[in-house]
Amino acid sequence: MSHAVVTGGAGFIGSALVRALLAEGEPRVAVIDTLLSGKESNLDEVSGRVDLHRVDIRDYAAVAPVVKGASRVFHLAAIPSVPKSIADPLPSHDVNINGTFEVFRACADGKVGRVVYAASSSAYGDTEVLPKAEAMRPDPLSPYAAQKLMGEHYARVFSSCFGLETVALRYFNVYGPRQDPSSPYSGIISIFMKCLIEGTSPTLFGDGNQSRDFTFVEDVAALCIKASRTPGVSGRMFNAGNGNRYTLNQVWETLQKIEGVSIPALYGPPRAGDVRDSQADTRAAVSELGHAPKFSLEEGLRRTLAWYRTS
Ligand code: UD2
């Protein structure tokens, strides 16, 4: 048996990856997801070609048979969000660190061909220099950032000690269709979309001039697939970003222009654990993995908005 598995495959990024894998020729894809934040409806269009396992990644005995013999496993399942990890650190610690360990352990035991791990740009913290390059010293500012960095360390150690091929991709702020805007911990672009459609003001934490490398979900999915195939990169970590950065004020401005409306943002206190500026140095991912992001911010925002309108 040689198949592909996506943990967190019912989530917004995971389901985009599942669709991309099916589009590039995988006959079927196995998904591991508790459906706590992921949604079965995210996989509606492809449900006939998806084997959904409602399994918790901390449950080795349940994960092991699903990943056994897989050619590639994409490990995206996690409890995301910087502020959530500060408000309640134990659940994200348990899932993001212990769950990740169990996924790697099951993959090593099951002789998986390669694991691609979803790491986070938050691991960099506030660097003196932008853009942020892989060789820079990590400086996590929140439990979530520390947890995701620990996953990278385990990815490397499983490669060096247990012969499991692993590649870690530090996702920069990923956005796109299906991102759930319903929680206070939701990604800012999904919150912007909801506000734009409802005609309400978003609240920006701080002055709104913090910047992010907003990366369209399909570009990230494409890079994950490249990382699963490129020979000679096991044990490595690469940035998964677009290479640009925009402030929250600029993005909200752009969205108002696209929509032809004027809805001034509100401003609140800065958020604990927040990184000020974030931008990926994409050179290593471009030259070694063939990363080729296709979506400008405006194009990505237009596509995202179109989805929110019709869903
Ligand atoms: C972090 C990581 C990102 C990913 C993500 C997963 C960084 C730079 N990025 O994203 O790579 O791992 O975590 O959760 O660490 N904000 C508002 N108003 C709101 C909501 C958010 O102003 O209602 C601000 C927030 O304070 C931050 C920015 O928007 O400055 C982006 O926040 P986010 O939660 O969308 O993502 P972020 O940057 O924590």
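## A buried asparagine

Asn 96 counts as buried because its relative accessibility is 2%, where buried means under 20% relative accessible area, exposed over 50% and partly exposed in between (1.4 Å probe, protein chains only). Asn 96 belongs to helix α4, residues 89–109. Helices (H or I, at least four residues) and strands (E, at least two) are DSSP runs, numbered from the N terminus.

The side chain of Asn 96 makes a polar contact of 2.9 Å with the side chain of Gln 147. A polar contact is a pair of N or O atoms within 3.5 Å; within protein, one must be able to donate a hydrogen and the other to accept it, and residues adjacent in sequence count only if both atoms are side-chain atoms. Leaving aside residues up to four places away in sequence, Asn 96 touches Ala 78, Ile 79, Tyr 144 and Gln 147, contact being heavy atoms within 4.5 Å.

## Basis of the model

This is a predicted model, in which local features need pLDDT of at least 70 and side-chain atom pairs count only at pLDDT 80 or more, while totals for chains, interfaces and linings use all residues. Residues are numbered from 1 along each chain as its sequence is written, and side-chain values use heavy atoms, with hydrogens and water left out.

## The ligand and its shell

The ligand has 23 residues around it, and the nearest are Ser 120, Phe 205, Arg 212, Arg 271 and Asp 274; a residue is near a molecule if one of its heavy atoms lies within 4 Å of it. By class, the shell holds eleven nonpolar, nine polar and three charged residues. Here Ala, Val, Leu, Ile, Met, Phe, Trp, Tyr, Cys and Pro count as nonpolar, Asp, Glu, Lys and Arg as charged, and the others, Gly among them, as polar. Both α6 (188–198) and β8 (203–205) supply at least two residues of the shell, and β8 gives the most, with three residues.

Which atoms of Ser 120 and the ligand lie 2.7 Å apart? They are a polar side-chain atom of Ser 120 and an oxygen atom of the ligand. A ligand nitrogen atom lies 2.8 Å from a backbone N or O atom of Thr 203, and a ligand oxygen atom is 3.0 Å from an N or O atom in the side chain of Gln 210. The protein buries 91% of the 750 Å² that the ligand exposes when taken alone, with areas from the Shrake-Rupley method and a 1.4 Å probe.

## Two domains

The chain is divided into domain 1 (4–175 + 217–243 + 279–294) and domain 2 (188–211 + 245–277 + 302–310), with bounds from an automatic or database domain assignment. Their C-alpha centres lie 26 Å apart, and eleven residues of domain 1 are in contact with ten residues of domain 2. Why does the ligand lie between the domains? Domain 1 and domain 2 both give residues to its shell, so the ligand lies between them.

## An exposed arginine

Arg 54 sits in the loop between β3 (50–53) and α2 (60–67). With a relative accessible area of 61%, Arg 54 is exposed. Its side chain reaches the backbone oxygen of Thr 34 at 3.4 Å.

## Helix α6

Buried residues of α6 include Ile 189, Phe 192 and Leu 196. The buried residues of this helix pack against β7 (174–175), β8, α8 (248–259) and α10 (297–310). Just after α6, Gly 199 has a positive phi of about 75°.
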